[in-house]
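Dear colleague,

I am passing on the structure below, together with some notes on what was found in it. Please read the notes with the coordinates open beside you.

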Amino acid sequence: MVYRIFLEDLAATTTMKFLEYTNLDRLNVFLGHLNLGERTIKGCLEAYSCKHAGSDKRLSLSLENEMLDYLGKSSDTDSFSPVDLLLSRSSRKALIYLVLTLYQMYPDYDFSAVKAHQFFSEESWDTFKQIFNNYMFEASKEWTEKNEDGSLLEVIYKALDEVVKLAECEIYVYNPNPNADPFLEEGAIWSFCFLFYNRKLKRVAGFRFCCTSNLASDAFLTDSPPYGEDEEIFADMDM
């Protein structure tokens, strides 16, 4: 309960400023809806500044005390213990910014019901690169055919580096419970969300990318009765 209140208050009072970058916009245009026949790739890169105003700093300290209270009540034998991520103050602040970034990326989704420390894991650029190459190879091929300024991964690296200085970043992947994944949609095949956090700059860049089945979408449309048939069905019913 304490954790839920903490996240709700945090989302309502802490300001994350959206950062505009031309190179991110260019990538978002390409990744917005990439139709590959039976599948569609969707991706989006967003960047935010997470610097606090004076009043926000005081409130953040109060909220951090609530988090410490939650930490003190957690059992070391609990398989979902937050100790690893919440033990240091800098790690708690990192968690704050990660959660707030998710709120900005999906404002209609209630992350307050999620114990976020259970779903973040720290990764390396090599891990991100391996996942990207394995799952985005068709998108990368499409990019290379249309652009001459490097591979898709190289361009993404340069764009992210411009915003958050990747050499100084901590890289996190968000792995929620499949039943509570805001990034999944009808016909989803796979989905990833990486967050690149620079402590010095106090910036977070988010990159979510997913693949959906066009066949599933087509089946949904096929199974849905035409508008006229709906009218006929209701016309035959005794109201």
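**Salt bridges and a buried asparagine**

Glutamate 138 is partly exposed, with a relative accessible area of 28% (buried means under 20%, exposed over 50% and partly exposed in between, with a 1.4 Å probe and protein chains only). This is a predicted model, in which local features need pLDDT of at least 70 and side-chain atom pairs pLDDT 80 or more, while totals for chains, interfaces and linings use all residues. Residues are numbered from 1 along each chain as its sequence is written, and side-chain values use heavy atoms, leaving out hydrogens and water.

The count of salt bridges comes to five (a side-chain nitrogen of Lys or Arg within 4 Å of a carboxyl oxygen of Asp or Glu). One of them joins arginine 39 to glutamate 138, at 2.8 Å from N to O; arginine 39 lies in strand 3 and glutamate 138 in helix 7, so the pair ties together parts that are 99 residues apart in sequence (helices, H or I of at least four residues, and strands, E of at least two, are DSSP runs numbered from the N terminus). Another links arginine 208 with glutamate 46, the closest N and O atoms being 3.4 Å apart; here arginine 208 is buried at 15%, and glutamate 46 is buried at 13%.

Asparagine 198, found in strand 6, counts as buried at 0% relative accessibility, and a polar atom of its side chain lies 3.0 Å from the backbone nitrogen of lysine 200.

Methods
Polar contact = N/O pair within 3.5 Å; in protein donor to acceptor, adjacent residues only side chain to side chain.
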